[in-house]
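Have the model open and follow along.

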Amino acid sequence: MHIVKKMKYVDSYKLALTFDDRKTKIVDLERYLDKGVFLPLRDIDYFKKVQLNNEAGTIVWPNEADFCPDVLYKIGKEMKD
């Protein structure tokens with residue numbers, strides 16, 4: 001299981017996430033925000049309220065929406081140094 005260690009907003013619905021293996025990946029979540037608890041995240045201002053939850057090892061929003069860190073790792077595009 002992967003753990004998100006750092007998070008930075010990039011633009012639009014994209015976040016740069018650094019994982020426990022020190023890989024940083026750009027994750028574009030736009031296409032995942034079309035149902036249920038994720039719908040409020042379509043509002044870009046609300047999306048930007050994302051926080052890193054160290055206890056859960058992933059990212060969360062005020063409405064308690066979150067993504068499994070393994071899913072984030074899998075859908076992310078690795079950044080090259």
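The paragraphs below go from the overall layout to the sheet, the rings, the charges and the end of the chain.

Before we start, keep in mind that this is a predicted model: local features need pLDDT of at least 70, side-chain atom pairs count only at pLDDT 80 or more, and totals for chains, interfaces and linings use all residues. Residues are numbered from 1 along each chain as its sequence is written, and side-chain values use heavy atoms, with hydrogens and water left out.

Let's begin with the big picture. The chain has two helices and six strands; here helices (H or I, at least four residues) and strands (E, at least two) are DSSP runs, numbered from the N terminus. Taken along the principal axes, the C-alpha atoms fill a box of roughly 30 × 25 × 20 Å. The radius of gyration is 12 Å, which agrees with the value near 12 Å for a compact globule of 81 residues; this radius is taken over C-alpha atoms, and the globule rule is 2.2 Å times the number of residues to the power 0.38. Buried residues make up 33% of the 81 residues, where buried means under 20% relative accessible area, exposed over 50% and partly exposed in between (1.4 Å probe, protein chains only). Of the contacts (heavy atoms within 4.5 Å) with a separation of 6 or more, 45% are between residues 24 or more positions apart.

Now for the sheet. Four strands make an open sheet in the order β1-β2-β3-β6, with antiparallel pairing; two strands pair if DSSP finds at least two bridges between them. β1 (4-11) and β6 (77-78) stand at the edges with a single partner strand each, so one side of each has no neighbour in the sheet. Strand β2 (residues 14-19) runs antiparallel to β1 and is joined to it by six bridges. Along that pairing, Lys6 stands opposite Thr18 and Tyr9 opposite Leu15. The hairpin of β1 and β2 has two residues between the strands, and Ser12 there takes a positive phi near 50°.

On its other pairing, β2 meets β3 in the antiparallel sense over five bridges, with Lys25 in β3 as the bridge partner of Leu17. These two strands also form a hairpin, this time with four residues between them, and Arg22 in the turn has a positive phi of about 75°. How enclosed is β2 by the rest of the structure? Largely, because five of its six residues are buried.

Next, look at the aromatic rings. Rings of Phe, Tyr and Trp (its six-membered ring) pair if their centres lie within 6.5 Å; planes under 30 degrees apart count as stacked, over 60 as edge-to-face and the rest as tilted. That rule gives six aromatic pairs. One of them is Tyr13 with Phe47, an edge-to-face pair at 5.2 Å centre to centre with 80° between the planes. Tyr13 sits in the loop between β1 and β2 and Phe47 in helix α1, so this pair links parts of the chain 34 residues apart. Tyr13 is buried at 9% relative accessible area, and Phe47 is buried at 0%. Trp61 and Phe67 make another edge-to-face pair, with centres 6.0 Å apart and planes at 75°. Trp61 is buried at 3%, as is Phe67 at 8%. Side chains of opposite charge can pair when their charged atoms come close. A salt bridge is a side-chain nitrogen of Lys or Arg within 4 Å of a carboxyl oxygen of Asp or Glu, and a search of the whole structure finds one. Which residue does Glu30 form a salt bridge with? The partner is Arg42, with the closest N and O atoms 3.9 Å apart. Both residues lie in the loop between β3 (24-28) and α1 (44-47), so the pair ties together parts that are twelve residues apart in sequence. Glu30 is partly exposed at 33% relative accessible area, and Arg42 is partly exposed at 37%.

Arg42 also lies over the face of Tyr13, at 5.7 Å from the ring centre. For this, NZ of Lys or CZ of Arg has to be within 6 Å of the ring centre and within 35 degrees of the ring normal. Lys25 lies over the face of Tyr73, at 3.7 Å from the ring centre.

Finally, find Met79 in the segment after β6. Met79 is partly exposed, at 40% relative accessibility. Leaving out residues up to four places away in sequence, Met79 touches Ala16, Thr24, Lys25 and Ile26. Met79 and Arg31 are 48 residues apart in sequence and 20 Å apart in space, C-alpha to C-alpha.
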